[in-house]
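Morning, everyone. Please bring up the model on your screens, and I'll walk you through it.

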Amino acid sequence: MKIATWNVNSLKVRLPHVLQWLGENPVDVLCIQETKLTDDKFPLAEIKEAGYDAVFTGQKTYNGVAILSRHPITDVVRNNPRFADEQQRIIAATIEGMRIVCAYVPNGQTVESDKYAYKLAWLASLRDWLEEEMRSHAQFALLGDYNIAPDDRDVHDPVAWAGQVLCSDPERAALQALCELGLCDSFRLFEQAEKSFSWWDYRQLAFRRNCGLRIDHILLSAALARRCTACAIDRVPRKWEQPSDHAPVVATLA
DNA sequence: ATGGCAAAATGTTTTTGA
């Protein structure tokens with residue numbers, strides 16, 4: 001069983017990338033962020049053709065999330081019921097006995113901005129909701145674009161990024177609060193190469209220079225962590241023509 | 001000098017992302 005997450009930065013533009021990647025990496029579940037598509041525009045037929053069902057919730061221009069699965073999808077919940085929000089950033093579903101939550105955490109823009117305050121409030125409410133959800137779902141996974149680099153080793157230039165959005169202490173504390181619910185960062189269950197990142201700026205040849213951040217994560221409950229045998233970032237599609245700025249992250253479960 | 005690149009709507013320019 002493989003579960004994955006990928007911020008595609010427009011599913012309209014990136015549908016060929018997603019279909020090619022799934023062809024080469026037939027994961028069981030793929031959580032997608034930043035579809036930037038209203039639900040009437042979601043390419044369900046093409047995805048079904050590739051052997052996947054999908055559930056999704058989107059909006060025009062911004063945000064939008066989806067879960068693709070080779071297995072039946074049940075008990076779909078869109079958004080955090082505790083957090084009234086126009087922005088479509090969360091979709092949850094049960095697949096093969098696992099509760100899967102796909103999240104696109106707000107970016108925050110800068111630590112001074114209202115968007116940063118929104119990000120922290122959004123994360124606090126997510127934590128409260130998941131605390132309740134995890135009581136009834138032992139096999140629990142939170143996958144997505146967290147827009148948080150958990151540690152300095154997840155940052156290409158920790159000095160330049162110190163205190164900045166995506167790396168600030170309050171954001172890292174909010175991520176830690178999620179972990180304290182009993183979730184662990186599947187990537188760090190295993191030995192990994194230094195300077196492993198999941199996002200690289202489009203500018204300044206950042207990918208070629210490996211100037212990136214690790215901000216896309218798969219957090220697993222103890223029951224799923226026990227089943228996890230690998231977690232890896234797939235840099236290959238970041239090298240393709242017209243790529244997303246994010247790379248997929250894949251966790252393997254026994 | 002706070003730039004660059006990419007996507008999408010607000011569209012030959014602006015807003016946002018990370």
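This is a predicted model: local features need pLDDT of at least 70, side-chain atom pairs count only at pLDDT 80 or more; totals for chains, interfaces and linings use all residues.

Residues are numbered from 1 along each chain as its sequence is written, chains are lettered from A and ligands numbered from 1 in the order in which they are written, and side-chain values use heavy atoms, with hydrogens and water left out.

Start with the record. UniProt, in an unreviewed entry, places the feature "domain: Endonuclease/exonuclease/phosphatase" at residues 4–246. Those positions follow the numbering used here, the feature name is shortened, and such annotations may be inferred rather than shown by experiment. That span is 26% helix and 26% strand. Its end C-alpha atoms lie 13 Å apart. Helices (H or I, at least four residues) and strands (E, at least two) are DSSP runs, numbered from the N terminus.

Now one sheet. It is open, with six strands in the order E3-E4-E2-E1-E14-E13, and the pairing is mixed. Two strands pair if DSSP finds at least two bridges between them. Which strands sit at the edges? Strand E3 (53–57) and strand E13 (228–233), each pairing on one side only. Neighbouring strands here are turned by 10° against each other on average, direction ignored. Axes are lines fitted to C-alpha atoms, for helices over the stretch in contact, and angles run from 0 to 180 degrees between N-to-C directions. E13 and strand E14 (residues 249–253) run antiparallel, joined by five bridges. Ile233 has Val249 of E14 as its bridge partner.

On to the other sheet. It is also open, with six strands and mixed pairing, in the order E5-E6-E7-E8-E12-E9. Strand E5 (74–78) and strand E9 (183–185) each have a single partner strand, so one side of each has no neighbour in the sheet. E5 pairs with strand E6 (residues 90–95) in the antiparallel sense, over three bridges. Thr74 is bridged to Thr94 in E6. Helix H5 (residues 169–179) packs on this sheet, touching strand E8 (140–145), E9 and strand E12 (216–221). Contact means heavy atoms within 4.5 Å.

Last, the DNA. Which residues come nearest to DNA strand B? Of the 23 around it, they are Ser10, Asn107, Trp199, Arg203 and Gln204. Near means a heavy atom within 4 Å. Sugar and phosphate make up 69% of the atoms of DNA strand B within 4 Å of the protein. Helix H1 (residues 11–24) gives the largest share of the surface near DNA strand B, three residues.

Two side chains to click on. A polar side-chain atom of Glu34 is 2.7 Å from a phosphate oxygen of DNA strand B. For Tyr104, a side-chain N or O atom is 2.9 Å from a phosphate oxygen of DNA strand B.

Conventions: A polar contact is a pair of N or O atoms within 3.5 Å; within protein, one must be able to donate a hydrogen and the other to accept it, and residues adjacent in sequence count only if both atoms are side-chain atoms.
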